[in-house]
Amino acid sequence: MNFQDPNPSISRTIVPISNELQNYDSNTLAGKASKSKQKLRGQKKELVHTEMDADHSPYREMVRRTRILFDSIRVSGLLEEENNRKNKKNLKASSLINQTEEVNNSRVRNDLIASTLMNDHGMYLFPDMKIIGTVPGVSIGDIFLYRSEMCVIGLHGQPQVGIDYLHASMSSNGQPIATSVVVSDGYNDDDQGDSIIYSGHGDMKQDQKLERGNLAMVRSMQYEIDVRVIRGFRYEGGTSTTSSKVFVYDGLYKIIEYWFEKGISGFGVYKFMLSRVQGQPKMGSMILKEASMLMRGHLCDNHMYVLSDDISNGKENIGVRLYNDIDSDLYPMQFEYLPKAAFPMFLLPHSMTTRKKMRVIECSECVDGCVSSIMNGNTTPYSKSGILLKGRSLIYECGPFCSCPSHCRNRVTQKGIKYRLEVFRSNETSWGVRSLDPILAGTFIYEFTGLVLTREQAEILTMDGEHNSFIIYPNRFLNRSTQEWGDLSMIDANHVHPAYPTLDFALDVSMMRNVASYISHSPTPNVFVQLVLFDHGNWMFPHLMVFAMENIPPMRELSLDHGVEAG
């Protein structure tokens with residue numbers, strides 16, 4: 001990035017990434033390097049300039065783990081929030097509180113609780129610096145549900161205001177410098193994608209002033225400092241009738257010019273012309289919008305590359321597309337699609353006697369509408385909306401012998417896929433899996449299926465050496481990454497990691513399989529396997545249910561840590 005400095009003093013403030021960020025260990029949370037929980041107010045911050053073309057991959061894992069911790073803390077509070085609402089509702093119904101009092105008026109948002117806890121434990125990334133340019137470890141297209149999460153990773157440090165900047169009093173040269181802006185629906189911004197006319201910050205009941213964020217934008221324009229642009233908008237997915245607010249990082253923009261004009265309110269408003277820096281990946285917000293239009297049939301993609309609209313042949317709730325724009329390979333269509341794992345008959349109970357003997361879960365052991373059960377430690381694995389609250393060694397769901405309805409909250413993984421998945425040809429991974437919908441952290445995606453074999457059967461089948469590549473040993477999935485979802489050990493000294501059983505089976509996918517067989521391996525995965533039982537009671541033969549470990553944008557490849565090659 002070309003940097004021209006009309007003021008020599010600013011060049012002492014902008015420093016290359018190697019001089020500052022090298023002190024942060026990419027294998028640990030950057031906040032730990034600070035080793036301090038002191039407040040930064042009044043403390044000078046150093047502006048750190050990162051090159052757009054620099055290799056920031058070592059920091060990707062650091063950002064990933066920080067975001068997983070944020071979501072783990074946030075999700076862990078969902079059950080307590082449900083209980084608080086229920087208690088207040090009961091109190092209100094019994095007239096023990098004023099009828100005019102709003103039940104939620106004392107509600108504290110879990111995302112704010114998460115960001116506060118991480119700040120108190122020194123786990124904000126890059127807390128002692130203000131980064132100009134790309135935040136190491138953050139990729140264009142990353143999606144966020146909360147502004148507070150963007151504060152935690154250093155992408156945008158303002159929980160409410162649209163312009164983030166280094167305050168003049170904290171700058172070593174006394175100049176405010178803008179670093180990022182949030183472009184949101186509902187504001188009078190002219191957003192054309194590659195170009196934006198951004199409205200300044202100020203009271204709508206009087207003329208805006210050239211101060212604070214507005215002045216910082218002018219200074220960044222004068223010093224030719226690029227700003228990060230995050231777009232916030234309501235996204236309407238194809239699997240829900242409701243829309244959700246998401247924030248998408250769209251890359252770096254230059255501030256070309258600014259002016260002062262009368263706004264709709266009749267008062268003066270500062271306007272800033274922003275132009276996207278060339279040579280960057282496609283905007284994440286554009287990918288989200290295209291995926292949404294594609295699901296609704298409003299966008300005609302290259303249908304000639306869609307080899308099948310549904311390789312499951314109607315066996316899934318939603319069709320699984322097969323897409324190949326590289327060659328004519330039809331490999332995934334050679335297999336029979338298997339939506340659920342095929343267990344041997346000796347595992348499945350066929351009478352009341354065998355049900356009792358095999359310790360099959362029944363609703364007689366559930367309480368409060370199956371919210372919790374004895375077999376799950378008198379707790380619930382899922383939130384009311386079906387979010388997995390934390391990774392567990394094993395989850396017992398209500399099964400076919402329970403009297404509860406199909407919409408019971410303890411039947412999350414039995415309801416089939418709810419995302420529009422696509423198996424696609426890849427130059428990097430041969431075949432891969434992605435979704436046309438955003439996938440939210442903690443949500444169920446699909447089961448890893450195949451023909452279930454005992455270990456002895458798998459050993460016999462692989463003696464010829466020809467079936468080795470078709471045999472999957474589930475123990476490989478129970479690794480470090482599996483424990484990350486819900487891992488609060490960095491803020492809770494009493495946190496206990498789940499202890500996983502040794503599984504005594506293998507999956508044969510040589511003839512029957514589902515979409516899970518095409519998921520690629522990664523040591524830094526975005527999905528993980530959770531063990532679940534519901535149709536039999538043998539804990540050595542559980543279902544392998546795949547959940548999202550982080551918020552996954554549309555069209556981003558899903559990845560799972562396949563572990564080592566041993567069985």
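1. Lys315 counts as partly exposed, at 39% relative accessibility; here buried means under 20% relative accessible area, exposed over 50%, and partly exposed in between, with a 1.4 Å probe and protein chains only. Its side chain meets that of Glu336 in a salt bridge, with an N to O distance of 3.8 Å. The term salt bridge denotes a side-chain nitrogen of Lys or Arg within 4 Å of a carboxyl oxygen of Asp or Glu. The pair links distant parts of the chain, 21 residues apart: Glu336 belongs to strand β14 (residues 336-337), and Lys315 to the loop between β12 and β13 (321-323). Helices (H or I, at least four residues) and strands (E, at least two) are DSSP runs, numbered from the N terminus. Glu336 is partly exposed as well, with a relative accessible area of 44%.

2. On the basis of the note: this is a predicted model, in which local features need pLDDT of at least 70 and side-chain atom pairs count only at pLDDT 80 or more, whereas totals for chains, interfaces and linings use all residues. Residues are numbered from 1 along each chain as its sequence is written, and side-chain values use heavy atoms, with hydrogens and water left out.

3. Further salt bridges. A search of the whole structure finds 19 salt bridges. One of them joins Asp142 to Arg60, the closest N and O atoms being 2.7 Å apart. Because Asp142 lies in the loop between β3 and β4 and Arg60 in helix α4 (residues 60-76), this pair ties together parts that are 82 residues apart in sequence. Asp142 is buried, at 2% relative accessibility, while Arg60 is partly exposed, with a relative accessible area of 27%. Lys282 and Glu290 also form a salt bridge through their side chains, at 2.8 Å from N to O. Lys282 has a relative accessible area of 43% and is partly exposed; Glu290, with 29%, is partly exposed.

4. The surroundings of Thr134. This residue lies in the loop between β3 (129-132) and β4 (143-144). Thr134 is buried, with a relative accessible area of 11%. Apart from neighbours within four places in sequence, Thr134 is in contact (heavy atoms within 4.5 Å) with Thr50, Met52, His56, Tyr249 and Leu252.

5. Cysteines. With a disulfide taken as a pair of cysteine sulfur atoms within 2.5 Å, the count comes to zero disulfides. Cys408 is accordingly in no disulfide, and the nearest cysteine sulfur, that of Cys404, is 3.8 Å away. Cys408 is buried, with a relative accessible area of 6%; Cys402 is buried too, with a value of 11%.

6. Strand β6 (residues 177-184) is largely enclosed by the rest of the structure, because eight of its eight residues are buried. Its antiparallel pairing with strand β5 (residues 163-166) runs over four bridges; two strands pair if DSSP finds at least two bridges between them. Within this pairing, Leu166 stands opposite Ile177. Strands β7 (residues 190-191) and β8 (residues 195-199) run antiparallel and are joined by two bridges, with Ile196 in β8 as the bridge partner of Asp191. They form a hairpin with three residues between them, and Gly193 in the turn has a positive phi of about 90 degrees. Strand β8 also pairs in the antiparallel sense with strand β11 (residues 268-276), over five bridges; there, the bridge partner of Tyr198 is Phe272.

7. Two open sheets. Strands β26 (residues 527-533) and β27 (residues 543-548) run antiparallel, joined by six bridges, and Val527 has Ala548 as its bridge partner. Another open sheet has three strands in the order β21-β23-β22, with antiparallel pairing. Strands β21 (451-454) and β22 (471-472) stand at its edges. Two bridges connect β22 with strand β23 (residues 505-508), and Ile472 stands opposite Leu507 in β23.
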